[in-house]
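Student: Before we begin, could you take me through this structure by setting each term against its definition?
Tutor: Gladly; let us look at it together and then turn to the terms.

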Amino acid sequence: MKRKDLTLLDGGMGTMLQRAGLPIGQSPERWNMAFPERVTAVHRQYVAAGSRVLYTNTFGVNRFRAARCGATVEAMIDAGVACAREAARGVDAEVALDVGPIGQLLAPLGTLSFQEAYDVFAQVMRRGQAAGADRIVIETMSDLYEVKAAVLAARECTDLPVWVTMTFGENGRTFTGTTVPAMALTLEGLGVEAMGFNCSVGPRELVALARELRRWTDKTIIFKPNAGLPNPATGGYDMTAEAFAAACAQALECGVTIFGGCCGTTPDYIAALGRVLDEGGEVTRRQGVKRSGICSATKAVAMDGVHVIGERINPTGKKALQQALRQGDMDAVATLAIAQQDAGAEILDVNVGVPGLDEAEMMAQAVRAVQAVSDLPVQIDSSDPATIAAGLRAVNGKAVVNSVSGSRASLEAVLPLCKKYGAAVVGLCMDEKGIPRTWQERVAIAKRIMEAATAVGIPKSDIWIDCLTLTVSAQQEQAAETLRAVRYVTEELGLATVLGVSNISFGLPQRQQITVSFLTQALQCGLRMPIVNPNQEAIMDAVAAYRVLSGEDRDSTDYIARMGRVSPAAVVSAESAMPLEEAVLRGLGPQVAEATREALASADPLQVVNDKLIPALDRVGQLYEQEKLYLPQLINAANAACAGFDVVRQAILAQGGSSVSRGKIVLATVQGDIHDIGKNIVKVVLENYGYTVIDLGRDVAPETVVEAVIREGARLLGLSALMTTTVSKMAETIAAVRRSGHNCKIMVGGAVLTADYAAEIGADYYARDAKQSADIAGKVLG
Amino acid sequence: MDGRLTEISRREVLRYLQWRGGEVPEELARQLDGCQAALLAAARPRVVWQRYDLCPDMTLLGTAFRLQGQAVARLLADCREVILFCATLGLETETRLRRAQAGNMAEAVVLDAMGSAAIENVCDNLCGDLAKQFAPRYLTDRFSPGYGDMPIAQQRALFDTLDVTRKIGVTLTESYLMVPQKSVTAVVGIADRPQPRRRGCGSCVNFENCAYRKEGKYCEA
């Protein structure tokens, strides 16, 4: 290729090696050592076709693959880089270390931890640099979290520039659901040199995605598609070299400057691509303002219109959440995330500050727990740099940090972290001297924060300002100062603002009136991201109304849908009161709570538990055993009973008593097994029968189980395994517990188990279903 | 490529929920409807398949994959060509299932059953499409690593041969479990004469872990 403004990459490697005799399904990287001359020959053909960046034959190299091949990562990388280097000798071609996905899904959906993934990549990349690669290309990625692990490994363990390409389907998403904006926002932030697409579909389908990418980034864009769509009957692809090249050239109009081919492409395709690009048009630069925002792996929140930040994941003043965090119970955090998302939050604030807890570790866990159940981007809420760093490392996508203040210490500690991980940042209009009284002074701090952030390389669109809300009943004149500051920051500094509004009404009656009114005025002043409790309907109603008036909600569509909806609470409360047992049987939580309250009027809490709730649950259990109830009904009933237990618990706390628990049970799905739905059913049922359950999750190592039963002093342990292949781990776990000398009963369950088998592997009990596990718990713990 | 999800069999879902006949209670019926809508909204069914020539030693020609076990050899006795496939409901469904497990376990149980019925439907549709494509020849039943005496460890070779992870995003753990969990891999033979359909518990995928069988009963499948 003659053009100097474009770069020509190579084409498919696997395709070429298979033509040279590599059996399909066998690791191509073995050939780096077995037949280096054949690998080099492929590279040479690409050089001859015009390629000036050669991807090494190391796509699948990692410690797992190496172990299966009986080779070392180091040997495979060294040989792979040497093959490409040999072909690049004497021509002006670069050698790029090719790094592909590990092939296992990261937690929470998969089992590979982020740190493990990082370590796998770091090993490959360190060796790649040592072997003499010129750059690192991370390609064919589907999981944005895995990409993050890979990019961090490259940037922290090598000095090489990094390119990233991901593989997208026709629906504009990767297999894990990542969108083009989410990729762009995340990778811009992580500081890659170029990004784009490879593999995916054919070039025709990819052009639209390249156009979308250009709207979100100024980085160099890479375009390396397959030779059309595969034909499963023949194993080939459906585009000729000429058709492929012509379709790729369309991407010039989307600002693409680096071109190549993936599956099904050969040196002929690359030669054709070079010819067509030489005759192609100018590279079109982006039109309009670059789009900005934050994102999870699958959802971007763009900086346009109003976006609600949910504030409820914050233990300040919430005893139950503090208690849950102390116990490392992340279910409470997940539940709050789901509730806020369902209520319309678009960003979730995560604050885990509890005195005496390791806030950094807690933050990493909480961020993961939130992202396991919600696709909303998160706001990492802490002033502690170590906590912020832990949250930023754990997060998937691009987060916002809440917050940095105008004090020198805060700016110096927080801003470099935001820059490194590519996060947006909330700047508080306060400094060493506290919160200034006038709007002018607050704006001055906002300016100082903006300048400091810009100086470390954070773009203006990623700097959000919080002008701070003070309680109007204590400092009445401050409400107006806050609003003026919001208006000035919006209009004169051109920065987005966030504002926690709930604080305004503290100490006044009918707080909501004040809060909603203040929120509306702040929105009118330009507030973009109110931090609120989205589970208060009036607040979300006010936001919905504002969106109509501002024109954001076109044709009032969302508003009408919101107002037309009947709240589930209204339906339930319309039904008349019913006896406790019937309410439990029908799985109606609110009615159970009501009936429990009534019962408490004439009986003490323990009587209510023993004479009402437990018998109701027993009745449910009997009906289930008689096959008159289905499993979901059993669970619904147990959940409903839980509402009753909650009422009892509150009554006991109100009387100054300690909480009721029928005893502690540790549950785990054994190592190697990820099918944990059965264990989770058992957990819900046991909790709702009044037991305290310590849930260790799935894929749990024997030593973790041993440690937990000892630490918790648990008298009952429940283990689950679904697969024949993982039952051996169950036996191993039981043996480890017995060896430890800890005296607890062990019950086991899972599809492939039987009572005989359970006895054979040393379990005390076999639980056929959730109901039986409750019976066993009753026997062991009372 | 995209898979086809055309029906979630209510009968099959109820069977997964250990239905023993009789009227379905109204509250449960409502929950089933809600979950069905949620599952259909979340599912992104995808399939990948490829045809191979089968060598007498049970190796797929041109690949490093050799099918192991007597059972699969019996199934393919009449076949000199085979199809490998993998079908999945996609990670979106997995996410939805995990979210339900964090929020509402009853919903999660129903969704899980729906997911199992749905992936079976995607496989049935794919096999129906393949039967048409390869007519007038005949397809055998589908057979998966882990059935009978075919080692579950053969999942790895199947994944590598079909390039499953790259093609449709299904991943394999070190213990050979697939993520997303609602995924199926299988081998199907292509024969020149009609192939028997295997029926009865002995040839059922769930033979080992069937709740009905454990109680000495039968399902209706």
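Tutor: The second largest cavity has a volume of about 40 Å³, and a search of the whole structure finds two cavities of 30 Å³ or more. This is a predicted model, in which local features need pLDDT of at least 70 and side-chain atom pairs count only at pLDDT 80 or more, whereas totals for chains, interfaces and linings use all residues. Residues are numbered from 1 along each chain as its sequence is written, chains are lettered from A and ligands numbered from 1 in the order in which they are written, and side-chain values use heavy atoms, with hydrogens and water left out.

Student: What makes a space a cavity, and which residues line the second largest cavity?
Tutor: On a 1 Å grid over the protein atoms alone, a cavity is a set of points where a 1.4 Å probe fits but cannot get out, and lining residues have an atom within 4 Å of a point. Grid points are joined across faces, edges and corners, and the volume is the space filled by probe spheres set on the points. The lining of the second largest cavity includes A:Phe59, A:Val99, A:Pro101, A:Val120, A:Phe121 and A:Val124, and its largest share, three residues, comes from helix H6 (residues 114-131) of chain A. Helices (H or I, at least four residues) and strands (E, at least two) are DSSP runs, numbered from the N terminus.

Student: How many residues of the lining are nonpolar, polar and charged?
Tutor: Eight are nonpolar, three polar and none charged, where Ala, Val, Leu, Ile, Met, Phe, Trp, Tyr, Cys and Pro count as nonpolar, Asp, Glu, Lys and Arg as charged, and the others, Gly among them, as polar.

Student: Why is the pair B:Arg98 and A:Asp676 called a salt bridge?
Tutor: A salt bridge is a side-chain nitrogen of Lys or Arg within 4 Å of a carboxyl oxygen of Asp or Glu; the side chains of B:Arg98 and A:Asp676 are at 2.7 Å, N to O, so the pair meets that rule. The count between chain B and chain A is three salt bridges. On the side of chain B that touches chain A, the largest share, nine residues, comes from helix H4 (91-103) of chain B.

Student: How many residues are in contact between chain B and chain A, and what area do they bury?
Tutor: With contact meaning heavy atoms within 4.5 Å, 59 residues of chain B are in contact with 60 residues of chain A. The two chains bury about 5,100 Å² between them, 58% of it on carbon and sulfur atoms, buried area being the accessible area (1.4 Å probe) that two parts lose on being put together, summed over both.

Student: What does the salt bridge of A:Glu156 and A:Arg393 tie together?
Tutor: Their side chains meet at 2.9 Å, N to O. A:Glu156 lies in helix H7 (residues 144-157) of chain A and A:Arg393 in helix H15 (residues 385-394) of chain A, so the pair ties together parts that are 237 residues apart in sequence.

Student: Which peptide bonds are described as cis?
Tutor: One is the bond from A:Ala107 to A:Pro108, with omega near 15°, and another joins B:Val179 and B:Pro180, where omega is about 0°.

Student: Where is A:Thr140, and what is its phi?
Tutor: A:Thr140 is found in strand E4 (residues 135-141) of chain A, and has a positive phi of about 60° although it is not a glycine.

Key: 1 Å grid on protein atoms, 1.4 Å probe; cavity = no way out; pocket = protein on both sides within 12 Å on 5 of 7 lines; lining within 4 Å.
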